[in-house]
Amino acid sequence: MSKRFALAFGCLLLVAFPARGAAPPWYQDWNSIRRAAAGIKAIEAAFVQTRTLKILSHPLVSRGIMAYRRPSDLRWEYRSPLQTLLVVRAGNVRRLIQHGGVWVADASAKLEAMKIVLGEINLWLDGNFASSRTFRPELRPGQPARVELYPVDPSLGKIISRITITFAERPGTVNAIDIIEEGEGVTHITFEDAHYNRAIPDEQFEPPH
Amino acid sequence: MRALLVSLLLASGCAHLPPLSPLSPLPADGAHSTAMRCRQAFPAQPWRATHTIFASLPFGQNGALVGVTAAGSDGLHAVLLSPEGICLFDANQDGRTSGLTVHRAVPPFDRPAFAASLMSDVGHAYLPPAGEPTAIGTYATGETVCRWSQAGETTDVVLRADGPRTVRTYREVRLTREIDLLGSAADGFFPAVHLRVPGVGGYELDIRLVDHE
């Protein structure tokens, strides 16, 4: 019992008083987060999105890929069960759905809640959480370190109660995103097979021909 | 102009449900086995299912959603999610009173008629009409049909050699929905369902089964 207590106390001390000389974590404050994010020029990754719902006994799983290139080019593509594509190049946003083997324009891009979340992705990738006028960020430096984003506008708060961005070990990178809705339901997005700072061709950020 | 008006009046005056001829030959068990086959158009309750939905709306307003539905003795529960997983619509229709409770409706799914229309689409595609068919017969084209008529609404389930293939609903004599059941059903769930609402403001839904339990 006393051994266990000593171990727990030791761990607590390590967390509270890290060894002298250890570099502060990259997510120590907003400035260090922005500096770390600036080192990430491009990201390519696969993602898995799980959505829990009370009426389903197991979560709904969606899969896709994403690509990001500084300053603001983005590809966010769902491959299953829906096939949808969002591409942003030089501020031009296109949203498409694959139907019957062809890509067609998606009018649901007009949905306000989606626009807000997608519009925020660039700020997140920039490490620029504090500049958001839509969400009030709170930095939680524990393990795992994360940012919690609370909607500023109460009408958005009726849809999304908060978004949690969990940081990865590599400076400037994100491990997971959780979108917690008012009432019930969490959308959990994790990234895997990520590649950083590789050259990404322009076509990745353009709608398919 | 007068000719056009007369033609329209005549057309509306002549509008009627597709007539049914008696089954010939009549099956040995009367029409019982035919009614059973018609019911195979709908999954046995209780069930839960996840679908992808591609909506073709007027003026090229296309959209893609994920639909999660559950049906049982307590009624029908329908949830619409954006591809990003955000809940856009969540409603229950009571199994006894048919009363509709909307738990969440994010714009533009908060329009007054949307909830009733969505529940009606889901209900007609996945819930069998109540009671026994009021008529069983054949269309002039030779297809076997089970017909349920109640309170001005008629539902026709059209059978082909391999089972139910089309569900049509009418309000009085006006076609309100045409639902094609595509592929081979498993537990009453077809891999794909195509729903068409005709007329001004009409739309089409391409519904693909993802999972059911």
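This short talk walks through a predicted complex, from its confidence values to its sheet, its domains and the contact between its chains.

Let me begin with conventions: residues are numbered from 1 along each chain as its sequence is written, while chains are lettered from A and ligands numbered from 1 in the order in which they are written. Since we are looking at a predicted model, local features need pLDDT of at least 70 and side-chain atom pairs count only at pLDDT 80 or more, whereas totals for chains, interfaces and linings use all residues.

On confidence, the predictor assigns the complex an ipTM of 0.84 and a pTM of 0.85. The stretch to treat with care is residues 4-13 of chain B, where pLDDT stays under 50 and where the model has zero contacts beyond four places in sequence; a contact here is a pair of residues whose C-beta atoms, placed from the backbone, lie within 7 Å.

Turning to chain A, the secondary structure comes to four helices and 11 strands, taken as DSSP runs numbered from the N terminus, with helices being H or I of at least four residues and strands being E of at least two. Of the 209 residues of chain A, 28% count as buried, that is, with 20 or more other C-beta atoms within 10 Å of their own, those C-beta atoms again being placed from the backbone. Among the contacts in chain A with a separation of 6 or more, 41% are between residues 24 or more positions apart.

The sheet of chain A is an open one, in which 11 strands follow the order β6-β5-β4-β3-β2-β1-β11-β10-β9-β8-β7 with antiparallel pairing, two strands being paired if DSSP finds at least two bridges between them. Which strands stand at the edges? They are β6 (102-105) and β7 (135-140) of chain A, each with a single partner strand, so one side of each is left without a neighbour in the sheet. Inside that order, β10 (residues 174-181) and β11 (residues 186-196) of chain A run antiparallel and are joined by five bridges, with I177(A) standing opposite I189(A) in β11(A).

In chain B, the domain assignment, which is automatic or taken from a database, gives domain 1 (23-42 + 131-182) and domain 2 (46-127 + 186-213). The centres of these two domains of chain B, taken over C-alpha atoms, are separated by 23 Å, and their contact takes 13 residues from domain 1 and 14 residues from domain 2. On the domain 1 side, the elements giving two or more residues are β9 (163-171) and β10 (174-182) of chain B, and β10(B) provides the largest share, eight residues.

A local detail in chain B is the antiparallel pair of β4 (residues 87-94) and β5 (residues 100-105), held over five bridges, where F89(B) stands opposite A105(B) in β5(B). This hairpin has five residues between the strands, and S98(B) takes a positive phi near 65°.

Finally, between the chains, 26 residues of chain B are in contact with 30 residues of chain A. The elements of chain B that each supply at least two residues to that side are β1 (47-57), β2 (61-72), β3 (75-81) and β12 (203-212), and β2(B) gives the most, with seven residues.

Methods:
Two residues are in contact if their C-beta atoms, placed from the backbone, lie within 7 Å. pLDDT is the predictor's confidence in each residue, from 0 to 100. A residue is buried if 20 or more other C-beta atoms lie within 10 Å of its own, exposed if 12 or fewer, and partly exposed in between; C-beta atoms are placed from the backbone.
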